[in-house]
Amino acid sequence: MFGTVAQAQWQTTTYALKGGFNAIYLHGDASYTTPDTLFAAGDALKILEVWRWNRNPTQVQFTSDPLIPTPGTPEWSTWYRGNPGATSLTALTGQQAYLIKCTGAAADTYSVQIKHRPQPPESTWVRNGANLLGFPTFKNGANHPLMSAYFATFPAAITANTKIYKYEGGDLGATNPLQVFSPTFEQLDRNQAYWFNAEVVGSFYAPIEIAPTVPGGLEFGRTRSIIAVRLRNRTSAPVTMTMSLVNSAAAPAGQTGVTGPVPLTRRVFNTGIGEYEEIAITGAFNQVIGPQSSLELEFGIDRGAMNGGSSAFYASLLSFRDSGNLLEVFLPVSAQPASLAGLWVGDVSVNQVTSTVAGSPGATTLRPFPLRYLLHIDDGGTARLLSQVFIGVLEAAPNGFGVCTLETALKDDSKASATRLVAAHMPLDLALAPTTGGVALGSTAEWTIAMPFDDKVNPFVHQYHPDHNNKNARLQPVGNKVESHTVTRKVSFEFLGPTPPGSSGWGTTVLGGTYSETVTGLHKQPLSSAGVFTFRRVNDLGGITLTP
């Protein structure tokens, strides 16, 4: 959705275009804005049309002959400059091929830059019809690898009965797209997209496959500590991979700014001490992969080196380049300083109740009583207990995905996809900061939850019963302790400091400890109970819309 603030690493790619039709491949996502804004200045103003190829196993159309692509079929989404009524393409998504038509003839050349969020490589080959695809090849000076070398481990893509086409600019016709007859001498440009009329299925995108365990890349967020990247060598010879960190480009207008590069580390097993070591990545390093084999590399994060504050965002790119100069892949890397900010859902198990009857033995209950608590910690560290919370697209500009306390703060047309959580035992519409203390490992936070004597959810109040409506015989209001009493709950959460044995994510995604509560106003004596609690973080959205 446009207008949302994205936290991402950025790369700018320059595309060399000609007048007429070109085919490009976008290795990252540029959906942070519309094509109208993306192509609003410089040589980009020469772009008249953009056609996105949508992979379709049951294709309606394939241009094995140089035919004009047909709009309205499932294979094409289109954008026309100055004609929004005919436009179906509203954003440029990543790992996709595009046809771009520019003004002028093939002799006219333009240089167009597209800033995007790099994505891990992917590819899907479909048997029926054609494949318009691009590949993460390495540009060595002015040269790219030859098709025959790049597809040596996937020869079905360039067999003799396969038709391959590339776009050379100019009108569509006999010379555009132009058939590639000799893959042995044809260079594979990473910025171009090519037609492959190959009757083959698969997911080949490179002779070395690079797959992070987190789909979006090395996204550490506020809580992850280790992410693995699996490397698979499809070739029959050993390959040396060279990896290095690359700084992110500046964020586009309206997007979250990049504070600095990510202090990335790699985990290496030290046989001398029998333990893993965290080695800071300050330059390039190599890893050899045996022929037709796989291995995993583990990467970590030095959060102590991120000193830009809780709202800081760090971003980089991790480059992977093989010794054969065939490919170069950029994996996105991002991290934020550790923080407890976000929404937490707590489960309390009350297993002790102190009896008010003199001489009653013990306080342990026959079975525990469950209570749910909703806790939100904002970016400033303020913790609030909530009676209800909504998670969804917010009504206020820029209509980002967020947390709010009333449904009215949600965007009307997105309410069906929103999530609502409720703590039914809390007073209505409550967002309460601690009375004392705060939320942190080893600390105690206390909240005083008051239910006024005239509150409609007060257990003493009955709107239609004359003895419980807080009115006298003349229907005049009466005060506290006449017909009803203010009920006060003092709840205390003592957060355990050390990590319990076998606990995963303690202190980052899980908090727990001892719970106690004292209720006054409900009985002539205070009522005390206790138990244990566990809070689990459901998101790390530190912002919250507090609606009165």
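Visitor: In which loop is the place of proline 177?

Guide: The model is a predicted one. In it, strand 9 covers 163-166 and strand 10 covers 178-180. Proline 177 sits in the loop between strand 9 and strand 10.

Visitor: What is omega for the peptide bond from asparagine 176 to proline 177?

Guide: The bond leads from asparagine 176 into proline 177 and is cis. Its omega is near 5 degrees.

Visitor: Which residue does a cis peptide bond join to proline 398?

Guide: Proline 398 belongs to the loop between strand 25 (388-393) and strand 26 (401-404). Omega of the cis bond is about 10 degrees. The residue joined to proline 398 by that bond is alanine 397.

Visitor: Is glutamine 292 buried or exposed?

Guide: Glutamine 292 is in the loop between strand 18 (285-289) and strand 19 (294-301). Its phi is positive, about 45 degrees, although the residue is not a glycine. The relative accessible area of glutamine 292 is 60%. Exposed means over 50%, so glutamine 292 counts as exposed.

Visitor: What is the phi of aspartate 429?

Guide: Aspartate 429 is found between strand 27 (419-422) and strand 28 (431-432), in the loop. Although aspartate 429 is not a glycine, its phi is positive. The value is about 50 degrees.

Visitor: What is the relative accessibility of aspartate 429?

Guide: The cut-off for exposed is over 50%. Aspartate 429 counts as exposed because its relative accessibility is 53%.

Notes: Residues are numbered from 1 along each chain as its sequence is written. This is a predicted model: local features need pLDDT of at least 70, side-chain atom pairs count only at pLDDT 80 or more; totals for chains, interfaces and linings use all residues. Side-chain values use heavy atoms; hydrogens and water are left out. Helices (H or I, at least four residues) and strands (E, at least two) are DSSP runs, numbered from the N terminus. Buried means under 20% relative accessible area, exposed over 50%, partly exposed in between (1.4 Å probe, protein chains only).
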